[in-house]
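Work through the two exercises below with the structure open. Each task is followed by a solution in steps.

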Amino acid sequence: MRVVLAEDLALLREGLVSLLETHDFEIAAAVDNGPSLLKALLDHRPDVAVVDVRLPPSFTDEGLQAALAARRRVPGLPVLVLSQYVEQLYARELLADGGGGIGYLLKDRVFDAAQFVDAVRRVAAGGTAMDPEVVSRLVATGTRGAPLARLTPRETEVLELMAQGRSNAAIAERLVVTERAVTKHTANIFTKLDLPVAADDNRRVLAVLAYLNR
């Protein structure tokens with residue numbers, strides 16, 4: 001699996017390269033600024049991009065904007081964004097195109113190697129990997145759309161856990177219910193959100209996007 005990595009701090013960038021290579025990822029490019037990131041993404045067309053939000057030269061949102069520009073030219077390009085803090089505006093920008101293959105993690109999560117690598121693989125596969133704290137902030141400030149208002153409190157809880165990238169088995173364990181019960185809840189969610197019959201993975205992504213981008 002080929003990765004383009006963007007991080008301006010040399011030690012962290014080298015650490016991420018080492019971590020990813022240890023888990024059998026191929027680093028197609030590792031850059032430290034926004035313009036180089038955009039060029040690398042368009043030149044290499046990686047399986048996934050791992051991108052720091054704030055990069056030189058402006059240290060504002062150079063990384064995010066480069067990733068979004070690349071996604072406009074390569075629709076569906078999987079992008080996992082790393083940020084020091086929860087930036088709700090950045091998270092919403094990432095969600096705005098309505099496509100899958102997106103993730104937003106706080107940098108603290110990188111120190112949990114298993115969690116970080118799982119997030120990279122999930123995003124590369126076209127899924128979502130949203131940091132629980134990011135989800136909580138978006139939910140706290142969001143307004144409830146009409147389709148989402150149809151969900152029961154338990155269905156909303158299941159959908160929030162889906163937004164964190166949890167599988168049905170993991171959701172069942174968290175809620176102390178059977179996996180069959182979670183499957184029933186997810187089916188109800190798909191129906192209430194008017195999601196067409198398709199591969200469940202695709203419908204999970206669409207449901208999560210509806211929830212986070214409300």
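**Exercise 1: a pocket lining**

H5 gives the most to the lining of the second largest pocket, with four residues. The model is a predicted one.

Task: State how much space lies in the second largest pocket, which residues are closest to its centre, and what the lining has by class.

Solution.

Step 1. The volume of the second largest pocket comes to about 180 Å³.

Step 2. The pocket is lined by 14 residues, and those closest to its centre are Gln115, Arg122, Met130, Pro132 and Gln164.

Step 3. Two elements, helix H5 (113-124) and strand E6 (128-130), supply at least two lining residues each.

Step 4. Sorted by class, the lining has five nonpolar, four polar and five charged residues.

**Exercise 2: a helix pair**

Task: Describe how helix H9 (residues 168-175) packs with helix H10 (residues 179-192). Which residues make the contact?

Solution.

Step 1. The axes of H9 and H10 are 8 Å apart, and the helices pack at an angle of about 110°.

Step 2. Angles of 65 to 115 degrees count as roughly perpendicular, so H9 and H10 are roughly perpendicular to each other.

Step 3. The crossing in which H9 passes H10 is right-handed.

Step 4. On the H9 side, the contact is made by Asn168, Ala169, Ile171 and Ala172. On the H10 side, Glu179, Val182, Thr183 and Thr186 take part.

Step 5. By class, this contact of H9 with H10 has four nonpolar, three polar and one charged residues.

Notes. Residues numbered from 1 in each chain as written. Predicted model: local features only at pLDDT ≥ 70, side-chain atom pairs only at ≥ 80, totals over all residues. Heavy atoms only, no water. Axes fitted to C-alpha atoms, helices over the stretch in contact; angles between N-to-C directions. Parallel < 35°, antiparallel > 145°, perpendicular 65-115°, else oblique. Left-handed = near helix turned anticlockwise from the far one by under 90°. Contact = heavy atoms within 4.5 Å. Nonpolar A, V, L, I, M, F, W, Y, C, P; charged D, E, K, R; others polar. 1 Å grid on protein atoms, 1.4 Å probe; cavity = no way out; pocket = protein on both sides within 12 Å on 5 of 7 lines; lining within 4 Å. Points joined across faces, edges and corners; volume = space filled by probe spheres on them.
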